[in-house]
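Here is a short tour of a model, written for someone who likes to check geometry by eye. Keep the viewer open and follow along.

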Amino acid sequence: MNVCRSTSPHQQDEWQAFFERGIREVLTMVSSLERWLWFVVTIAMLTFAIPWFYWGDDTVVVGLPIWLWWHIGWLLLAALFMWVFTRRAWGIGITGGERA
Amino acid sequence: MSIIVVYLLVVLAIGLVAYRVSQRTAEDYFLASRTFGTVVLLFTMFATLLSAFTFFGGPDTAYVQGPEWILVMGLMDGLIFAVLWYVIGYKQWLLGRQHDYVTLGEMLGDRFGSTGVRALVAVVSLFWLFPYVMLQQIGAGAAISALTDGSVPFAVGASLITVFMIVYVVLAGMRGIAWTDTLQGVFMLVMIWAALLWVLTSVGGVSTINEGLTADAPQYLSLGSEFYTPQRMLTFAISIAIGVTMFPQINQRFFTAASDRILKRSLILWPVLVILLFVPAFLLGTWAVGLGVEADIQAGESILPIVLDEFTPVWFAALVIAGAIAAMMSSSDSMLLSGSSYFTRDIYRPLIDSSISPRDEDLLGRIGVVVFAVGALLATLWFEAGGLAAGSIGAILVEIGDLAFGGFAQLAPAVVIALYWRGVTKAGIFAGILIPQVIYLAFSFIPEVTLGSITLFTDVYLGWGISIYCLVIGVFVTIYISIQTMPSPEENRSLFFEDLATPDT
């Protein structure tokens, strides 16, 4: 870190410590925000597996009820969600979710 | 029938190979030494979860009540179970690897320093598992007697299947069972899609079916019905998914993954696999209505074999039915194995002989399989001789099956809270397991009593099943008793937290 070349070695250390603390704080803030985000997205994923807004709807699309298509698409989306989760946030809530 | 025999021989051959490659230790017999790769883990979990229900009870429900059942099962098995696999299963896997746990009871017993907790988990589990094994035997006996038009009577059919299972499970252990699960899972996946396409091409496309549905059962195309209320769909999905995680044969599989990476891959593929199997299987049940195929579900008929008979060649229908019976057996195999492990590991070892060697424990586990299976068979035959009400196999499966799922589900609140909150005490987990069980049993089995405007001991309140209420009670009891009591000195409070080793990926 050669950010402030003109300052004395002592000041430089202080600056460095300040920066590092700041970066650490921002990172933990992001990760705790992200934890909440994963929680909310998971709840949403469970909530809308059954398309409540199609209740009573009997529209047929390509041979199947539209609500069945929604469900099929939703579970495929869930697989994608799992994929992102295992890459980004695996271990959250259990081992802390450090990225390898 | 000859197809079934060929099938059984193949299964037996796999069992023998598994026996040859396995070591003579309990950990290897019960958990295949935690070595499963993605495909085997995925399919053994899947095949164990399914049992006969996917091929008989499920399509029957979709036939009688409509295709919304697909949504219930998709939410239940595809999503809620997957989330729980992470929440409960991943943590259990980490702990199991670190401390060599083979059963759930063993893990909790270690955390609370209590043989009582360990034995309680095992006893509650065996209490629900036993009738569930009987159920599989009743199903198998009935299926064989139906296939042979009664020339092989129920008792003989059920006994033959049980003997075969004993031989197989004693030999094969977890590794062999998982291998056959994989084979059967792939086979059934291919067959059910083939069946779907076969039916579609022979009737001239889905529009014919939908015309029939619009004419005969237009309500099947719209979401929701008198049967499929949001409360009922959610009760089923939530309580069965939670119950499944506490079923010994499922819970034990949480321990078996070879690595972190394999768990991740399995979780990603899981919802896809669920959709791939359930959609065609249950659609066939619903389509039967549109095609005017009739089955008397009340009288014990099942819709899927009838549809196959009507639209596919005999050999193909026989293959699918053989596969379904094999699926039923593979679930029973897993149940016998895990039942035996709960008994030897959590009741015999801590209470009777704690100095047993791994090799002797392996032997005892195999003996346990025989005892458990024969006990269930005797109960089945006695039950049948006493005149089991002539209901449909499907209906009975749903009914008792759901009761056992609800019963197992009641273990979950205490277990999950203990996994994630260090404040749980020995008294807390004891009460948290016992009290919901007692209430659930009371409301399921005691006849209804009406006191003024309140009806006691019925199984649904405000549209929600009693199992859901018991789950909530379980949460409160576990937390409340834990706050009210002091942790006992032999508890190991940091075991699930600071002491948890992170995986070396």
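This is a predicted model: local features need pLDDT of at least 70, side-chain atom pairs count only at pLDDT 80 or more; totals for chains, interfaces and linings use all residues.

## Helix α7 of chain B

Now step back along the helix itself. Helix α7 of chain B covers residues 115-147, and at 1.5 Å a residue its 33 residues should span 48 Å; the end C-alpha atoms are 47 Å apart, which agrees. At the start of α7(B), S114(B) places a side-chain oxygen within 3.1 Å of the backbone nitrogen of G116(B). Of the 33 residues, 24 are buried, so α7(B) is largely enclosed by the rest of the structure.

## Helix α10 of chain B

Helix α10 of chain B, residues 230-246, can be checked by the 1.5 Å rule too: its 17 residues should span 24 Å, and the end C-alpha atoms are 25 Å apart, which agrees. This helix is mostly covered, with 13 of the 17 residues buried.

## The two chains in outline

Chain A has 100 residues, 30% of them buried. Its secondary structure consists of two helices and two strands, and reading along the sequence gives the pattern α-β-β-α. Taking contacts in chain A between residues at least 6 apart in sequence, 43% join residues at least 24 apart.

Chain B has 505 residues, and buried ones make up 60% of them. Its secondary structure holds 19 helices and four strands. For contacts in chain B with a separation of 6 or more, 85% are between residues 24 or more positions apart.

## The largest nonpolar core

Which residues touch the most other members of the largest nonpolar core? They are W85(B), L108(B), W270(B) and I429(B), in a core of 193 residues. Helix α5 of chain B, residues 69-99, supplies the largest share, 20 residues. The core also draws at least three residues from each of domain 1 (2-398) and domain 2 (410-499) of chain B. As background, nonpolar side chains tend to be buried together in soluble globular proteins.

Leaving aside neighbours within four places in sequence, I429(B) is in contact with L108(B), F112(B), V117(B), A414(B), A418(B) and V424(B).

## Where chain B meets chain A

The contact between the chains involves 45 residues of chain B and 37 residues of chain A. About 3300 Å² is buried between them, and carbon and sulfur atoms give 83% of that area. On the chain B side, L79(B), Y86(B) and L223(B) lose the most area to chain A, together 21% of what that side buries.

Two residues let you see the contact from either side. G74(B) sits in helix α5 of chain B and counts as buried because its relative accessibility is 2%, under the 20% cut-off. Apart from residues up to four places away in sequence, G74(B) touches H71(A), L75(A), L79(B) and V274(B). G74(B) and F278(B) are 204 residues apart in sequence, yet their C-alpha atoms are 7.6 Å apart in space. From the other chain, T86(A) lies in helix α2 of chain A and is buried, with a relative accessible area of 7%. Once neighbours within four places in sequence are set aside, T86(A) is in contact with K264(B) and I268(B).

Is T44(B) buried or exposed? At 0% relative accessibility, T44(B) counts as buried. This residue is in helix α3 of chain B, residues 38-50. The side chains of T44(B) and R253(B) are joined by a polar contact of 2.9 Å. Not counting residues up to four places away in sequence, T44(B) touches F36(B), A178(B), D181(B) and R253(B).

I92(A) is found in the segment after α2 (66-88) of chain A. Its relative accessibility is 16%, so I92(A) counts as buried under the 20% cut-off. I92(A) and W38(A) are 54 residues apart along the chain, and 9.0 Å separates their C-alpha atoms.

Conventions: Residues are numbered from 1 along each chain as its sequence is written. Chains are lettered from A and ligands numbered from 1 in the order in which they are written. Side-chain values use heavy atoms; hydrogens and water are left out. The expected span of a helix is 1.5 Å times one less than its number of residues. Buried means under 20% relative accessible area, exposed over 50%, partly exposed in between (1.4 Å probe, protein chains only). A polar contact is a pair of N or O atoms within 3.5 Å; within protein, one must be able to donate a hydrogen and the other to accept it, and residues adjacent in sequence count only if both atoms are side-chain atoms. A nonpolar core is a set of buried Ala, Val, Leu, Ile, Met, Phe, Trp, Tyr and Cys residues joined through side-chain atoms within 4.5 Å. Domain bounds come from an automatic or database domain assignment. Contact means heavy atoms within 4.5 Å. Buried area is the accessible area (1.4 Å probe) that two parts lose on being put together, summed over both.
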